[in-house]
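Please read them with the model open.

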Amino acid sequence: MTPTPVGMRCKDCADIRKSPVFDISLYHYLKATIASVCIGILSGLFRGLLSIIAGPGLFFVPFLAGLGAGYAIGEGTSVVTNRKRGTGLVIICVISSALAITMKMFVDGLPHNIYDLLGMGACIFISITRVR
């Protein structure tokens, strides 16, 4: 007898499998990597240009742009993989968020204030919560 979500069953009838939400194939990982890297590069460039345009007067713009970039990376990865979730997708999103941060620094330079740093953290946090 084997315990299942609906009660005890014999080994032949149990047919225990992984949840389809967490069953991610290599094809899904490949699609997620390509999509999240592309979104990460584009959102990082957009964040850098937005920081240049906003200047020091609108100090909260880098934080809001970080939120948007994290959401775009996480949601894009989630949509491409048919809303699957897992640790591998979290790692892909963190790497893509780091790529977005690197592209932002490539365009705009090093972080200028605390809101730049908060935006970086928000980018990583939001992208993780979309696929965890």
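1. Helix 2 (residues 26–54) packs against helix 4 (residues 87–108) at an angle of about 30°, and their axes are 7 Å apart. Axes here are lines fitted to C-alpha atoms, for helices over the stretch in contact, and angles run from 0 to 180 degrees between N-to-C directions. Helices are DSSP runs of H or I with at least four residues, numbered from the N terminus.

2. This is a predicted model, in which local features need pLDDT of at least 70 and side-chain atom pairs count only at pLDDT 80 or more, while totals for chains, interfaces and linings use all residues. Residues are numbered from 1 along each chain as its sequence is written, and side-chain values use heavy atoms, with hydrogens and water left out.

3. Helix 2 and helix 4 are therefore roughly parallel to each other (angles under 35 degrees count as roughly parallel). The contact of helix 2 with helix 4 has 14 nonpolar, nine polar and three charged residues. In this classification Ala, Val, Leu, Ile, Met, Phe, Trp, Tyr, Cys and Pro are nonpolar, Asp, Glu, Lys and Arg are charged, and the others, Gly among them, are polar.

4. Helix 3 (61–80) has 20 residues and reaches 28 Å from its first C-alpha to its last, close to the 28 Å expected at 1.5 Å a residue. The expected span is 1.5 Å times one less than the number of residues.

5. Which residues of helix 3 are buried? They are Val61, Pro62, Ala65, Gly66, Ala69, Gly70, Ile73, Gly74, Glu75, Gly76, Thr77 and Ser78. Buried means under 20% relative accessible area, exposed over 50%, and partly exposed in between, with a 1.4 Å probe and protein chains only. The cover over these buried residues includes helix 2, helix 4 and helix 5 (114–131).

6. Thr81 is in the loop between helix 3 and helix 4. Thr81 counts as buried because its relative accessibility is 0%. Leaving aside residues up to four places away in sequence, Thr81 touches His28, Ala32 and Leu89 (contact means heavy atoms within 4.5 Å).

7. The loop between helix 3 and helix 4 also holds Asn82 and Arg83. Most residues other than glycine have a negative phi. Asn82, however, has a positive phi near 60°, and Arg83 has a positive phi of about 60°. Asn82 counts as exposed, at 53% relative accessibility, whereas Arg83 is partly exposed, with a relative accessible area of 44%.

Notes. Helix = DSSP H or I, 4+ residues; strand = E, 2+ residues; numbered from the N terminus. Parallel < 35°, antiparallel > 145°, perpendicular 65-115°, else oblique.
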